[in-house]
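Biologist: I am new to this structure. Please take me through one part of it closely, the nonpolar core and the helices around it.

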Amino acid sequence: MDISSINSLQMQSVAMQRSQAQGQGFEEALESAIAQGNSAEIRNAAIEMESFFINQMFQAMRRTVPEGEGMFEQSNAQRIWQEMLDEETSINLARAGGLGLADVLYEQLTRAVRG
């Protein structure tokens, strides 16, 4: 199958569907963790949310870089690879402490569960 015919609108649609699926996973995980009062699951949900936020920042930053600035034009395969790399990087960054957003979310959510 030749994927060179996939245009940027189709790629954006796939990325949007993936991000919506991640958001649904976060919401379900959070609701379950809060219902159970499971602090470890609340922490995981907060880390997942921070990861999603970091990935959104990466996407926004990439959109600011003009296409075709290098010697060669970027192919669809390279764009997909870059999106996948950004997603994994955002997950690893959030798990390693990230921006501190997960800590703030965790505190807010555990306060809501306790109070």
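Modeller: The largest nonpolar core has 12 residues. They are Leu 30, Ala 33, Ile 42, Ala 45, Ala 46, Ile 47, Ile 54, Phe 58, Ala 94, Ala 102, Tyr 106 and Leu 109. A nonpolar core here is a set of buried Ala, Val, Leu, Ile, Met, Phe, Trp, Tyr and Cys residues joined through side-chain atoms within 4.5 Å. Buried means under 20% relative accessible area, exposed means over 50%, and partly exposed lies in between (1.4 Å probe, protein chains only).

This is a predicted model: local features need pLDDT of at least 70, side-chain atom pairs count only at pLDDT 80 or more, and totals for chains, interfaces and linings use all residues. Residues are numbered from 1 along each chain as its sequence is written, and side-chain values use heavy atoms, with hydrogens and water left out.

The largest share, 6 residues, comes from α2. Helices (H or I, at least four residues) and strands (E, at least two) are DSSP runs, numbered from the N terminus. In soluble globular proteins, nonpolar side chains tend to be buried together.

Leaving aside neighbours within four places in sequence, Tyr 106 is in contact (heavy atoms within 4.5 Å) with Ser 39, Ile 42, Arg 43 and Ala 46.

Now α2 itself. It has 25 residues and reaches 36 Å from its first C-alpha to its last. That is close to the 36 Å expected at 1.5 Å a residue; the expected span is 1.5 Å times one less than the number of residues. Its buried residues include Ile 42, Ala 45, Glu 50, Ser 51, Asn 55 and Phe 58. At the start of α2, a side-chain oxygen of Asn 38 reaches to within 3.1 Å of the backbone nitrogen of Ala 40.

Arg 43 also pairs with α4. Its side chain meets that of Asp 103 in a salt bridge (2.8 Å, N to O). A salt bridge is a side-chain nitrogen of Lys or Arg within 4 Å of a carboxyl oxygen of Asp or Glu. This pair links helix α4 and helix α2, with the two residues 60 residues apart. Asp 103 is partly exposed at 43% relative accessible area, and Arg 43 is partly exposed at 28%.

The structure holds 2 salt bridges. Another joins the side chains of Arg 62 and Asp 86 (2.7 Å, N to O). Here helix α2 is linked to helix α3, across 24 residues. Arg 62 is partly exposed at 43%, whereas Asp 86 is buried at 7%.

Buried in α3 are Asn 76, Arg 79, Gln 82, Asp 86, Glu 87, Ser 90 and Ala 94. Seen down the axis of α3, these fall within an arc of 135°, so they line one face of the helix. The arc is that of the directions from the helix axis to the C-beta atoms. On the other side, Trp 81 and Arg 95 are exposed.

Ser 90 is buried, at 1% relative accessible area. Its side chain reaches the backbone oxygen of Ser 51 at 3.5 Å. Beyond neighbours within four places in sequence, Ser 90 is in contact with Ser 51, Ile 54, Asn 55 and Phe 58.

Conventions: Polar contact = N/O pair within 3.5 Å; in protein donor to acceptor, adjacent residues only side chain to side chain.
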